[in-house]
Amino acid sequence: QTVLNYAAAAAFYCHTFNLAHKGQIDAISAGDETYIKVLGKHQYVFFFISSQKLKITAYHVADNRGTQPAITAMNEACRTATPGQEVTFVTDGNPSYPAGILYLNAQENDYPPIHHQKVIGLQNLDAESEEFRAFKQIIERLNRTYKYHVRPAAGFNSNNGAVALTTLFVTNYNFLRPHMSLLYKTPVHLTELEDITTIQGKWAKIISLAA
């Protein structure tokens, strides 16, 4: 219980840190939702990942796969786009995504409309799925990595626990975990961590920067 309390306290600060330091996004981001179990019931985690820098640009835990949580995730995913930047989201056929994009594009702002591309099924049965399949595979790999890290929990006893572990997973993924496809660099480089050699020291530094 003490460890869980520490994790929840760290996640509180890391969430703010994740949002403040994720930086600019790529022109194309891939999004998807994966399920987890909380108190024996299915809940969902929405992720969006930048296609080139491979950093998680949005994450959101919800009790459904509907339009509202999709809007929340997509709004955060495009929040740090540069002025005038055209953004494309690649997702599966969940109707929550086009409905959410329609809502976001209807808002009054200075950003160009968000574009949407769908990848349907496991085989390329249409030209759109074939063209954007590679981006969908990026988010599928992220989902598998996430499920690998949360599997030992065998489900969560509270929504707060699910949110805390998801937040810490994103912190680790974006700022601490080297990626082979990025030449063993992290998706988001922090100069404050360069001279710290231990993972414990890096975590402590991130928490101190977030506090």
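A search of the whole structure finds 0 disulfides, a disulfide being a pair of cysteine sulfur atoms within 2.5 Å. The structure is a predicted model, in which local features need pLDDT of at least 70 and side-chain atom pairs count only at pLDDT 80 or more, while totals for chains, interfaces and linings use all residues. Residues are numbered from 1 along each chain as its sequence is written, and side-chain values use heavy atoms, with hydrogens and water left out.

| Residue | Relative accessibility |
|---|---|
| Cys-14 | 0% |
| Cys-78 | 17% |
| Glu-33 | 8% |

Glu-33 is found in strand β1. Helices (H or I, at least four residues) and strands (E, at least two) are DSSP runs, numbered from the N terminus. The side chain of Glu-33 makes a polar contact of 2.6 Å with that of Arg-65 and one of 2.4 Å with that of Tyr-97. A polar contact is a pair of N or O atoms within 3.5 Å; within protein, one must be able to donate a hydrogen and the other to accept it, and residues adjacent in sequence count only if both atoms are side-chain atoms. Not counting residues up to four places away in sequence, Glu-33 touches Tyr-44, Val-45, Phe-46, Arg-65, Asp-92, Asn-94, Tyr-97 and Asn-143, where contact means heavy atoms within 4.5 Å.

Tyr-97 also belongs to the buried residues of helix α3 (residues 96-106), together with Ser-96, Gly-100, Ile-101 and Leu-104. Seen down the axis of α3, these fall within an arc of 125 degrees, so they line one face of the helix; the arc is that of the directions from the helix axis to the C-beta atoms. Leu-102 and Ala-106, on the other side of α3, are exposed. The cover over the buried residues of α3 includes β1 (28-38), β2 (41-50), α2 (67-77), β4 (88-91) and β5 (115-118).

The structure holds 1 cavity of 30 Å³ or more. On a 1 Å grid over the protein atoms alone, a cavity is a set of points where a 1.4 Å probe fits but cannot get out, and a pocket is an open set with protein on both sides within 12 Å along at least five of seven lines; lining residues have an atom within 4 Å of a point. The largest cavity has a volume of about 40 Å³, and β3 gives the most to its lining, with 4 residues. The largest pocket has a volume of about 360 Å³; grid points are joined across faces, edges and corners, and a volume is the space filled by probe spheres set on the points.

Technical notes
Buried means under 20% relative accessible area, exposed over 50%, partly exposed in between (1.4 Å probe, protein chains only).
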